[in-house]
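This text walks through a structure with its sequence alongside. Please keep both in view while reading.

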2 protein chains.
Amino acid sequence: MDELQLYSDEYWMQEALKQARIAFEEGEIPVGAVVVVKNRIIAKAYNQTEKLTDVTAHAEILAITAASNALGSKYLPECRLYVTLEPCVMCAGAIYWAQLGELHYGAADPKRGFSRNGPDLLHPKTKVSNGLLQDNSRKLLQAFFNNLRN
Amino acid sequence: MDELQLYSDEYWMQEALKQARIAFEEGEIPVGAVVVVKNRIIAKAYNQTEKLTDVTAHAEILAITAASNALGSKYLPECRLYVTLEPCVMCAGAIYWAQLGELHYGAADPKRGFSRNGPDLLHPKTKVSNGLLQDNSRKLLQAFFNNLRN
């Protein structure tokens, strides 16, 4: 019998938003991510490009690396990634290679999001949903960029 | 006065091939990369996806992270990346974010290379060349995949 899913997608996106808020507090562009298997978070991460001085330190990349470490597997078909902002091309490429089972993202990113290059940057096996708690994500991003300007 | 470039692009690609050969010896898909500023290598890396159990551990990603660490800067406009195989979408995304000055890649990768998605995955400021020592790179890759099959 498959294990019952005890929490909603919204519940996990709230956890991703918690990560985004940590990024915000630390002066990073506020994007957060969690990786979930069944009813359990196996990895969580937030954008750390400033702290690590590294453009590759996006929340999704850090979360995928941590999830692979937790599971001892390069491939993550049983995993669900919840991320507060649409992944960029780099992160979509990582999601492709990891063959993530599901990608749930919050706010769209029309300028830098992967989907403007066509959805086929992702693996055909990866199920995608978007829009979950997007207003919360967008407000956090707007607050961050307003702070930067002031 | 600008510092004279004492070595050719081919010289640096030979250094990237050395990295690819280390990958080969370690049972990794043989791809190698170096990052050069003027006459100096500031970062070198080879594909370590097996050893690190991490799909994000491509040579280019590791090299960019190391180069940013060496220079203390997220952005690498003065850097030249030499990599033995055409970067994938993930790595092209990282090269985009880092605003690499130059990308030189050896063998084309028609299946997984970024350029099938259009060259605009890269930053407009990044100069690109390809084909340098491509036969050496391709032979190494073929030997690796022949070994796998036998």
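A residue counts as buried under 20% relative accessible area, as exposed over 50%, and as partly exposed in between (1.4 Å probe, protein chains only). The model is predicted: local features need pLDDT of at least 70, side-chain atom pairs count only at pLDDT 80 or more, and totals for chains, interfaces and linings use all residues. Residues are numbered from 1 along each chain as its sequence is written, chains are lettered from A and ligands numbered from 1 in the order in which they are written, and side-chain values use heavy atoms, with hydrogens and water left out.

Start at the surface of chain A. With a relative accessible area of 58%, A:Leu6 is exposed. A:Leu6 sits in the segment before helix H1 (9-25) of chain A; helices (H or I, at least four residues) and strands (E, at least two) are DSSP runs, numbered from the N terminus. Together with A:Leu4, A:Tyr7 and A:Tyr11, A:Leu6 makes up a nonpolar patch on the surface, with about 430 Å² of accessible area for the group. Patches are made of residues with over 30% relative accessible area and no salt bridge, where like charges are joined within 9 Å and nonpolar side chains (Val, Leu, Ile, Met, Phe, Trp, Tyr) within 5 Å. The accessible areas come from the Shrake-Rupley method with a 1.4 Å probe, and for residues only the protein chains shown count as cover.

Next come the charged pairs. Side chains of opposite charge can pair when their charged atoms come close. A salt bridge here is a side-chain nitrogen of Lys or Arg within 4 Å of a carboxyl oxygen of Asp or Glu, and the structure holds eight of them over all chains. One of them joins A:Lys74 to B:Glu50, at 2.8 Å from N to O. This pair crosses between chains: A:Lys74 is in the loop between helix H2 (59-71) and strand S3 (80-85) of chain A, and B:Glu50 is in the loop between strand S2 (40-46) and helix H2 (59-71) of chain B. A:Lys74 is buried at 13% relative accessibility, whereas B:Glu50 is partly exposed at 45%.

Within chain B, B:Lys51 and B:Glu26 meet in a salt bridge of 2.9 Å, N to O. The two residues are 25 residues apart and link distant parts of the chain, with B:Lys51 in the loop between S2 and H2 and B:Glu26 in the loop between helix H1 (9-25) and strand S1 (32-37) of chain B. B:Lys51 is partly exposed at 48% relative accessibility, and B:Glu26 is partly exposed at 39%. Another salt bridge pairs B:Arg138 with B:Asp135, the closest N and O atoms being 3.5 Å apart. Both residues lie in helix H4 (residues 134-149) of chain B, three residues apart, about one turn of the helix.

The interface comes last. Which chains contribute to the contact, and with how many residues? Chain B gives 25 residues and chain A gives 25 residues, contact meaning heavy atoms within 4.5 Å. About 2,300 Å² is buried between the chains, 66% of it from carbon and sulfur atoms. Buried area is the accessible area (1.4 Å probe) that two parts lose on being put together, summed over both. Two salt bridges are found across this interface, and A:Glu50 and B:Lys74 also meet in a salt bridge, at 2.8 Å from N to O.
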